[in-house]
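Subject: Structure for you to look at

Hello,

Here is the structure I promised to pass on. Please open it first, then read my notes below.

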Amino acid sequence: EYGGRVIETSAELSEYILDEAEVAIVPGEAFGSPGYLRLSYALGDDDIVEGITRLQKLFGGGRDLRALPKAHLHLHFTGSLRPATMRELAARHEIRLPDTLSGGHPPQLRATDERGWFRFQRLYDLARSVVRSEDDVRRLVLEAAQDDAAEGSGWLEIQVDPTSYAPRLGGLTPAVEIVLDAARDATAATGVGMGAGARENNCLL
């Protein structure tokens, strides 16, 4: 029971959160997992912090949300790149990055910018270009798992477009096998369960 309302499903809890905190959350029933909630973070850091702050206030403020069980869904492989790793790989492979990516902080883009998507895609493609070897792929998968473990996540679903890396990894099948093998190794090293999705076909470990 929250705020005098009896809540029995994640759909009802999502509705309560929207009404009381004005934070939109997808209930588990919407993707076949009743009893769970799905949060999107496709916004700026300030908006995410504000949303989490509202949730903490709504549920008493004393409960650390980082301690709750979590699953990280649909993390894009290139999007998992740590900025420091991206710069290091770029230097190793002699790839020149624009100032926007070579600086000390991730670029700040706004969805309201009419050219925001084109800028994002250009920067995303440049970031992806620094991943050129099997060792690079394995490093990214491991670091993604390490970052999730640090945030208290017990499951990570990473999304990979193997066609982007196939030319440098010996073909489509080797690229997929490298990612899956790296995910198994990362799970063993961090304790974070991992699944890998490739376009429409999911390969879960």
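**What I found**

At 34% relative accessibility, Phe-120 counts as partly exposed. Here, buried means under 20% relative accessible area, exposed means over 50%, and partly exposed lies in between (1.4 Å probe, protein chains only). This is a predicted model, where local features need pLDDT of at least 70 and side-chain atom pairs count only at pLDDT 80 or more, while totals for chains, interfaces and linings use all residues. Residues are numbered from 1 along each chain as its sequence is written, and side-chain values use heavy atoms, with hydrogens and water left out.

**Aromatic pairs**

A pair of aromatic rings is described by the distance of the centres and the angle of the planes. Rings of Phe, Tyr and Trp (its six-membered ring) pair if their centres lie within 6.5 Å. Planes under 30 degrees apart count as stacked, over 60 as edge-to-face, and the rest as tilted. How many aromatic pairs does a search of the whole structure find? It finds three.

One of them joins Tyr-16 and Phe-59. Their centres are 6.5 Å apart, with 50° between the planes, and the pair is tilted. This pair links distant parts of the chain, 43 residues apart. Tyr-16 is in helix α1 (residues 10–21), and Phe-59 is in the loop between α2 (45–58) and β3 (70–76). Helices (H or I, at least four residues) and strands (E, at least two) are DSSP runs, numbered from the N terminus. Tyr-16 is buried, at 5% relative accessible area. Phe-59 is partly exposed, at 27%.

Phe-120 and Tyr-124 also pair. Their ring centres are 5.4 Å apart and their planes are at 40°, so this pair is tilted. Both residues sit in helix α5 (residues 116–128). They are four residues apart, which means a separation of about one helical turn. Tyr-124 is buried, with a relative accessible area of 16%.

Asp-136 is in helix α6 (residues 134–150). Is Asp-136 buried or exposed? It counts as buried, at 1% relative accessibility. Beyond its neighbours within four places in sequence, Asp-136 contacts Leu-89, Arg-92, His-93, Val-130 and Val-131. Contact means heavy atoms within 4.5 Å. Met-86 is 50 residues away along the chain, and its C-alpha atom is 9.9 Å from that of Asp-136.

Ser-153 is in strand β4 (residues 153–159). Ser-153 is buried as well, at 10%. Its side chain reaches the backbone oxygen of Lys-70 at 3.5 Å. Not counting residues up to four places away in sequence, Ser-153 touches Lys-70, Ala-71, His-72, Asp-148 and Val-192.

**Positive phi**

Most residues other than glycine have a negative phi, and most peptide bonds are trans. Glu-22 is not a glycine, yet has a positive phi of about 55°. Glu-22 lies in the loop between α1 and β1 (26–27). It is exposed, at 62% relative accessible area. His-74 also has a positive phi, near 60°, and is a residue other than glycine. His-74 is in strand β3. It counts as partly exposed, at 36% relative accessibility.

**Strand β2**

Leu-37 is in strand β2 (residues 37–38). It is partly exposed, with a relative accessible area of 33%.

Best wishes

Notes. Polar contact = N/O pair within 3.5 Å; in protein donor to acceptor, adjacent residues only side chain to side chain.
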